[in-house]
Amino acid sequence: MPLDRNLGLPKITLFGLGTVIGAGIYVLLGEVVTSAGVLAPVSFLLAAILAGFSAFSFAELSARIPQSAGEALYVYEAFGSRAFSTLIGLLVVSVGCVACATLANGFVGYATSLFSLPPLILIVGFVGALGMLAAWGIKESAWVAAAITVVEVGGLAVVIVFAALAADPANFTAAPSANGLTRGMWLGVFGGTLLAFFAYAGFEDMVNVAEEVKDVRRILPLAIIITLVASFVIYHTLALVVIFAVPTDLIAGSEAPIALVFEYTTGWSATPISVVGILAVVNGALVQIIMASRVLYGLARSGQLPRVLAAINDRTDTPLKATALVTAAVLGLALWLPLVALAKITSLIVLLVFTAVNLALIVIKRRDPSPEGITVYPAWLPWAGLVTSGGFVGYQLFLLVG
C-alpha cells in the first residue's frame with residue numbers, strides 16, 4: 001500500500017522549516033555562545049556554509065531518486081552495496097532518534113519554567129504524545145507542524161526586534177578583530193560551529209517524505225533550498241542582535257536561551273516565549289519521529305530490514321510499527337544522555353551521512369551527468385560538501401580523542 005501524496009510546496013517547506021528551526025535555535029543558542037562568545041554569529045555563518053554545500057546535493061538527489069529512505073537509496077545507487085546502504089539508513093534513523101531525544105531534553109528546559117513536574121514525567125509524556133501524533137497520519141501531522149512553524153518563526157521575529165532595539169552599539173567594540181583572534185578563540189568558534197550545525201540539521205529529513213510530496217521532482221529540491229536560506233537569515237540575524245543586547249555570560253549555557261533574551265530585553269515575563277519555545281521543540285521532535293519511521297519503512301520495503309516494519313495501517317496510512325519502534329528508542333535516549341552530548345552525537349552522525357551522500361552524488365553524476373527533467377547543480381558542490389563534511393568529522397573526532 002503506497003503512502004499518501006499530500007504535501008505541496010507550502011506544506012513541505014513549512015515541514016522543513018519546522019524541523020530545522022525547532023531542532024536547535026530554541027535550545028542550543030546558549031551553548032553556541034558558551035563556546036564562541038561574541039563570535040557566535042561567525043559560528044552560525046560557518047555552519048550554514050557547511051550545511052549549504054550538502055543541501056544542494058540532497059536537492060539534486062531528491063529529484064534523481066524521489067523515494068523514502070533517501071540517503072540509503074542514494075548510497076545504494078552509487079555503490080551497489082546493500083550492506084553500506086543499510087548502514088547509512090540506520091545512521092539516518094539514529095540521527096532522528098538522537099535529535100528527537102535532544103529536543104525532549106530541551107523541552108524540559110522550557111517546560112520546567114511553566115510546570116512543576118519532575119523531568120521524568122515531562123519526558124515520558126512529551127515523547128509518548130509525539131509518537132501518537134506521528135502515528136495519526138501525515139496530513140494531520142503536516143498541518144500541526146505547519147501551524148507550529150508559523151508560530152515559532154513569529155516568536156523568533158519578535159525576539160529579534162526587541163533585541164535589536166536593546167542593542168548597545170558600544171558592544172561592537174568588544175568583538176575581536178581578525179588579527180586579534182587567538183587559537184583558543186578559533187577553537188571556540190569551530191566548537192560553536194559544530195553545535196550551530198545541529199540547528200541547521202533537518203533539511204535532509206525532507207527527502208525521507210519524498211513519497212508523500214506532490215510533483216516531487218520539482219517541488220522537493222526547491223523546498224530544501226528555501227528552507228536552508230530562510231533558516232540562515234533567521235539564525236544569523238538573531239545571533240548578531242543577541243550578542244549586542246545581552247551579556248554573553250548571562251546567556252551562555254542557558255537551558256531556555258530565547259526566553260531569557262526576551263525577558264532581559266523587554267523586562268516582561270518570559271512565559272509567552274517559553275510557550276513558543278515548547279511548541280518549537282515539539283515541532284522539531286515530531287518531524288524527527290516521522291522521518292526516522294519513514295526510513296525504517298523504506299529499508300523494510302526494500303528487504304533490508306524485517307518486512308513487518310513496512311506495514312502500513314489501513315486507517316492512518318502510516319507505518320505504525322516503525323513509528324512505535326522509533327518512539328521507544330527516542331524515549332530511551334532522552335532518559336539516558338544529557339542535551340549537549342546528544343547534540344554533539346547528532347552532529348557527528350549527520351556529518352558522516354553528509355559525507356557519504358556527497359560522495360554518492362559525485363559517483364552518480366559521473367555515470368549520468370544530465371538526466372532529463374531535473375535541475376542539475378555544478379559538479380564542484382558535492383566535492384565541496386565532501387571536503388567540508390569530512391573535514392569536520394575529522395575535527396570532531398580529534399576533539400573526542402583529545
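Two residues are said to be in contact when they have heavy atoms within 4.5 Å of each other. The structure above is a predicted model, in which local features need pLDDT of at least 70 and side-chain atom pairs count only at pLDDT 80 or more, while totals for chains, interfaces and linings use all residues. Residues are numbered from 1 along each chain as its sequence is written, and side-chain values use heavy atoms, with hydrogens and water left out.

**Exercise 1. Describe the place of T227 and find which residues it touches, leaving aside its neighbours within four places in sequence.**

Solution. Begin with the helix: T227 is found in helix α9, which spans residues 216–243, where helices (H or I, at least four residues) and strands (E, at least two) are DSSP runs numbered from the N terminus. Next, consider accessibility, for which buried means under 20% relative accessible area, exposed means over 50%, and partly exposed lies in between, with a 1.4 Å probe and protein chains only. T227 has a relative accessible area of 0%, and T227 is therefore buried. Finally, once the neighbours within four places are set aside, the contacts of T227 are T13, G16, L17, V20 and M206.

**Exercise 2. Is V151 buried or partly exposed, and which residues does V151 touch beyond four places in sequence?**

Solution. V151 belongs to helix α7, residues 138–166, and its relative accessible area of 37% makes it partly exposed. Beyond four places in sequence, V151 touches V276 and L279. For V276, the separation in sequence is 125 residues, although the C-alpha atoms of V151 and V276 are 6.8 Å apart in space.

**Exercise 3. Work out how helices α4 and α5 are arranged, and what their contact consists of.**

Solution. First take the axes, which are lines fitted to C-alpha atoms, for helices over the stretch in contact, with angles running from 0 to 180 degrees between N-to-C directions. The axes of α4 (residues 70–79) and α5 (residues 82–111) come within 8 Å and cross at roughly 160 degrees. Angles under 35 degrees count as roughly parallel, over 145 as roughly antiparallel, 65 to 115 as roughly perpendicular and the rest as oblique, and α4 and α5 are therefore roughly antiparallel to each other. On the α4 side, the contact is made by E71, A72, L73, V75, Y76 and F79, and on the α5 side by R82, F84, S85, I88, G89 and V92. To sort these residues, count Ala, Val, Leu, Ile, Met, Phe, Trp, Tyr, Cys and Pro as nonpolar, Asp, Glu, Lys and Arg as charged, and the others, Gly among them, as polar. The contact then has eight nonpolar, two polar and two charged residues.

**Exercise 4. Summarise the chain as a whole: how many helices and strands does it have, and what share of its residues is buried?**

Solution. The chain has 15 helices and zero strands. Of its 402 residues, 59% are buried. Among contacts between residues at least 6 apart in sequence, 82% join residues at least 24 apart.
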